[in-house]
Amino acid sequence: QVQLVESGGGLVQAGGSLRLSCTASGIIFSIYAMGWYRQAPGKQRELVATITSTSNTNYADSVKGRFTISRDNAEKTVYLQMNSLQPEDTAVYYCNAGLTTGVPLRKYNYWGQGTQVTVSS
């Protein structure tokens with residue numbers, strides 16, 4: 001069974017940094033895209049950043065220049081380095097992966113359980 005396990009959330013002061021990690025486990029043939037989304041209280045889940053298997057990246061305008069997404073294909077892990085954090089970055093951050101698995105092979109979209117990031121002013 002495929003699982004995504006996140007780590008690295010926590011409480012930080014405005015201007016500080018955090019690094020999130022997400023590792024996929026289970027029988028996986030390939031991972032073609034990984035990303036981070038976030039959901040603040042009372043708001044819809046929104047894209048933060050995505051990265052393809054060839055390391056093409058995409059960022060939400062609100063995090064460009066502050067956040068950096070990267071991945072280690074061998075370790076099936078995606079990272080999100082978050083710098084210059086602001087109170088408006090407070091949210092539950094979810095890892096997402098598009099991958100192929102199963103017999104026959106099919107594409108699936110998986111989510112992690114979420115990790116809380118809280119930025120105090």
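Is D61 buried or exposed? D61 is exposed, with a relative accessible area of 65%. That residue turns up again in one of the close-ups below, which are drawn from a predicted model.

**View 1. A disulfide between C22 and C95.** Search the whole structure and you'll find one disulfide. It joins C22 to C95, with the two sulfurs 2.1 Å apart. The pair ties together distant parts of the chain: C22 sits in strand β3 (residues 18-25) and C95 in strand β9, 73 residues apart. The torsion about the S-S bond is about -80°, so this disulfide is left-handed. How accessible are the two cysteines? C22 has a relative accessible area of 0%, so it counts as buried, and C95 is buried with a value of 0% too.

View 2. Leave aside the neighbours within four places in sequence, and T100 is in contact with I28, F29, S30, Y32, L105, R106 and K107.

**View 3. The salt bridge of D61 and K64.** Here's the exposed residue from the opening question, D61. The side chains of D61 and K64 meet in a salt bridge, with N and O 3.1 Å apart. This is one of four salt bridges that the structure holds.

**View 4. R38 and E46 side by side.** In this close-up, the side chains of R38 and E46 form a salt bridge of 2.7 Å, N to O. What about their accessibility? R38 counts as buried, at 6% relative accessibility, whereas E46 comes out at 36% and counts as partly exposed.

**View 5. D89 meets R66.** These two form a salt bridge as well, and their closest N and O atoms are 2.8 Å apart. Once again the partners come from distant parts of the chain: D89 lies in the loop between β8 (77-82) and β9, R66 lies in the loop between β6 (57-59) and β7 (67-72), and 23 residues separate them. D89 is buried at 1% relative accessibility, and R66 counts as buried at 17%. Now put this view together with the previous one: salt bridges that share partners join R38, E46, R66 and D89 into one network.

Note on methods: Residues numbered from 1 in each chain as written. Predicted model: local features only at pLDDT ≥ 70, side-chain atom pairs only at ≥ 80, totals over all residues. Heavy atoms only, no water. Contact = heavy atoms within 4.5 Å. Disulfide = S-S within 2.5 Å. Helix = DSSP H or I, 4+ residues; strand = E, 2+ residues; numbered from the N terminus. Buried < 20%, exposed > 50% of the residue type's maximum accessible area, 1.4 Å probe, protein only.
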